[in-house]
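Thanks for coming, everyone. Please take a look at the model on the screen, and then I will walk you through it.

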Amino acid sequence: MPDIIVKTNILYLVAIFFVIFIIREIVAFKSILKLKYIFTPLITYIVIVIALYLSYISGFSQYDIFIIAGLVFALIADTFLMIEEINYFIHGLLFFLFMHICYIIALSIRYQFNYYDIIILAMIILISFSYYAVIHKAKGRLYVPVIIYMIVLSAVVLLAIGTFIKTMSPKGVLVMLAAIFFAVSDGILACNQFVKKIPHSTVITWSLYAPAQLLFALSCYY
């Protein structure tokens with residue numbers, strides 16, 4: 001397939017993504033639940049379509065397969081967390097954990113560890129201390145799951161930043177930005193869940209989370 005056709009198709013798909021994304025943010029802000037419940041999973045659906053298309057073009061590598069698997073787990077997590085009438089936080093957390101494990105496996109393929117990783121890990125540990133207050137609020141049965149989730153998320157951030165530093169490639173830029181967006185988005189989500197309710201938190205978290213998923217999907221092109 002000619003490269004110009006591939007890039008045109010990608011642009012069309014990304015444009016559709018942003019249209020759905022903007023509509024979702026508007027209906028979420030206005031608390032129109034019926035429409036929110038339609039457009040929230042629709043965003044992840046289109047991201048999966050983008051990842052599948054790019055994987056088809058590139059030949060479905062191991063990396064692509066694990067990214068797509070992660071996105072499928074994300075779709076399930078999104079479905080749980082978007083429901084406002086019932087608290088399915090722990091269910092969403094579990095499937096997001098599976099998603100991040102898939103991303104760790106994908107990013108670990110042909111990854112070579114060196115002294116850079118020690119520096120990156122030290123930075124991540126320092127930043128993680130800022131989340132201590134949030135973790136401390138996760139009392140009872142959620143304390144251990146939240147700790148495990150933060151460790152797994154930190155591993156994703158470590159591998160993503162390491163990929164960028166070691167390759168200085170477009171793929172490295174995409175996964176690094178995606179991981180950072182994820183970390184900030186999850187931090188806001190945790191603050192809203194355990195510390196203090198943030199007005200329109202779903203709009204704020206999705207403004208980072210949705211682009212993060214798109215970036216991971218686009219990384220399948222490389």
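A word on the source. This is a predicted model, where local features need pLDDT of at least 70, side-chain atom pairs count only at pLDDT 80 or more, and totals for chains, interfaces and linings use all residues. Residues are numbered from 1 along each chain as its sequence is written, and side-chain values use heavy atoms, with hydrogens and water left out.

First, the overall fold. The protein chain has 9 helices and 0 strands. Helices here are DSSP runs of H or I with at least four residues, strands are runs of E with at least two, and both are numbered from the N terminus.

Next, dimensions. The C-alpha atoms fill a box of roughly 55 × 50 × 20 Å along the principal axes. The radius of gyration of the protein chain is 17 Å, which agrees with the value near 17 Å for a compact globule of 222 residues. That radius is taken over C-alpha atoms, and the globule rule is 2.2 Å times the number of residues to the power 0.38.

How much of the chain is buried? Of the 222 residues, 45% count as buried. Buried means under 20% relative accessible area, exposed over 50%, and partly exposed in between, with a 1.4 Å probe and protein chains only.

Now contacts, meaning heavy atoms within 4.5 Å. Take those between residues at least 6 apart in sequence: 77% join residues at least 24 apart.

On to helix H1, residues 3-29. H1 has 27 residues and reaches 39 Å from its first C-alpha to its last, close to the 39 Å expected at 1.5 Å a residue. The expected span is 1.5 Å times one less than the number of residues. Its buried residues include Val6, Ile10, Leu13, Val14 and Phe17. Arg24 and Glu25 of H1 are buried too. What do the buried residues of H1 pack against? They pack against helix H2 (33-58) and helix H9 (201-218). After H1 comes Ser31, with a positive phi near 55 degrees.

Just after H2, Gly59 has a positive phi of about 100 degrees.

Last, Ser185. Ser185 sits in helix H8, residues 170-195. Ser185 counts as buried because its relative accessibility is 3%. Leaving aside neighbours within four places in sequence, Ser185 contacts Thr205, Leu208 and Tyr209.
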